[in-house]
Amino acid sequence: MRLPVLAIAAGLGLASLHAAAQQAPLLTEAPLRAHLSFLADDLFEGRGTGQRGGDLAVRYLETQAAVIGLKPLAGGGYRMPVKIEGTKLLERSFVRFDANGKSITPSNGSEIVFGTAAGKADLTIDAPLVFVGYGAIAPEEKWDDYKGVDMKGKLLVMMVNDPQPTAEEPNRFAGKAYTYYGRWLYKYEEAVRQGAAGVLLIHTTPSASYPWSVPANGFSHERFHLAGAGNPVEGWLQEDTARTLFKAAGFDLDALRAQAETRAFRPVDLKTSVHAEVHSAIRQIEQFNVAGIVPGSDAKLKAQAVVYSAHWDHLGMDEGVRRDDRGDHTWNGAIDNASGAAALLAMAAEAVKHPAKRTQVFLWPAAEEQGLLGSAAYVRNPAWPLAQTTADLNLDSMNFVGLTRDIGVAGAERSSLYDAAADVARKMGLKLAPAIPDLSGAYFRADHFNFAKAGVPAFNVGSAVFSGDGHFEFVKDPAASAARLVAFKKDYHQVTDEYHADWDLSGMVQQAQFTLNLGYAVGNAPAMQSWKAGDAFGKVKR
């Protein structure tokens, strides 16, 4: 089917297409659409972690990897085990707060969501409640919300996001942009380091960048984490619930928030006791990353690699809860992220025909929706040494509304990947989308971030949803295309993220082609990619 190629030619120009084809193999729409529609089908049951649908997705990906001709891993297969602990909260669990003679037991799901990551089926916790501001220790910002106060055995309540910039310090914590200190993952990790009994995050849509339904849906499912000790209790509080709780304890939530915006802030004992009974069904499961290799063509450079990644999982099925008027219980995850998984298959099929000088690794991580678990496991035990990995280029939630004249590269500016991306865009007749502050913390919310933390230059290429890219210059009917993109936000992490046969995938092909071209550019470059001076992630010797 040549229509997608003709459509791209109309949008970009035949000369630009010729230049792109010389740089990397040319992708077409048909295989990408076929993989996307199949992976997003009800047959795969939402590709849930620890569910039958996830097993089917892994089997499909490894079979396709073999058909495509990707070389297997050192052990002879395409699977990389990921040891995961699954925890499902039981209905008899509750959290009660006692303050000034008043007892408050928030309703689970609507006022509070919580669970455990400590690996114990039954926990009874009695602990004092302490407000710790943003819960951040950031030496480079001269910031410490804990001030050395012993948090062992205490339940911490804290704000999401980062300390906000001021007139005197407009670039404090990256200004209006998110830093990793603002992410719930960091806050949970820090609570573990502090030895706390647990942590509750105060939810607001502006600070979290998503509505209450996102953590509510997440905690209503079985939750997963890599095997190992985590917080005995972790979860979220609705803002109104937190306000009521603080008032009952004799504190004003907004006044404490204001105190937490200064370096002088110290933890505040809320004079509130917490009694929590957390009962969970716990199981140990083995999930799998899927990976295949295109060996490099250069005798020397083939010892180094470029990684392309896209997670295969979504939220699976939940037969116990009716999620919409149709009684749909399947979170198909068509855009998030059957789109990226399908694109990688289409890219790999062409890459095997034309090896780059460096080795190309195609990676489908597991359990991204559970906290980037598959990619975290990969960087602990990589298929290719991280010191010899020049870059990770990640695809997650791709463009399904048509061709653009620009491409988003948010996060690439942290490394030499930005200059490489600009050169690739120019050769394709594209330009880079203008950079804007990362208000949603998008850079820290996808699998590339685990590579970045491990020292490998990495970013998420042109994600169309919650990307931080800011804007897209659509080739055809810009207003309607932008409206469709915005409208999808209501489908994010909902059962309505389903495949539609009338989607215009020319922009998805374009995005995949750009990513493959960029992979060839860095895969054939004389030197490996590097972090910009002063960037926080350039710490690992390479």
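Across this predicted model, the mean pLDDT of the protein is 90, and 91% of its residues reach 70 or more.

The protein is divided into domain 1, made of residues 29-82 together with 287-524, and domain 2, which covers residues 87-282. Taken over C-alpha atoms, the centres of domain 1 and domain 2 are separated by 31 Å, and the contact between the two domains takes 26 residues from domain 1 and 21 residues from domain 2.

Between them, domain 1 and domain 2 bury about 1,900 Å², and 61% of this area lies on carbon and sulfur atoms. As for charged pairs across the boundary, the count between domain 1 and domain 2 is 0 salt bridges, whereas the rule for polar contacts finds 5 residue pairs across this interface, with both residues at pLDDT 80 or more.

Which helices each supply at least two residues of the side of domain 1 that touches domain 2? They are helix H11, residues 373-380, and helix H13, residues 448-453. The largest share of that side, 4 residues, comes from H11. Sorted by class, the side of domain 1 that touches domain 2 has 12 nonpolar, 8 polar and 6 charged residues.

**Salt bridges**

Side chains of opposite charge can pair when their charged atoms come close. In the protein, the count comes to 22 salt bridges, and the table gives two examples.

| Salt bridge | Closest N and O atoms |
|---|---|
| Glu45 and Arg52 | 2.9 Å apart |
| Glu222 and Arg283 | 2.7 Å apart |

**Backbone details**

Two places in the backbone deserve a separate look. A cis peptide bond, with omega at about 5°, joins Asp336 and Asn337, and Asn337 has its place in helix H10, which spans residues 334-351.

Where in the chain is Asn161 found? Asn161 is in the loop between strand S8 (155-159) and helix H5 (184-193), and although Asn161 is not a glycine, this residue has a positive phi of about 80°.

Note on methods. Residues numbered from 1 in each chain as written. Heavy atoms only, no water. Domains from an automatic or database assignment. Contact = heavy atoms within 4.5 Å. Buried area = accessible area lost by both parts, 1.4 Å probe. Salt bridge = Lys/Arg side-chain N within 4 Å of Asp/Glu carboxyl O. Polar contact = N/O pair within 3.5 Å; in protein donor to acceptor, adjacent residues only side chain to side chain. Nonpolar A, V, L, I, M, F, W, Y, C, P; charged D, E, K, R; others polar. pLDDT = per-residue confidence, 0-100.
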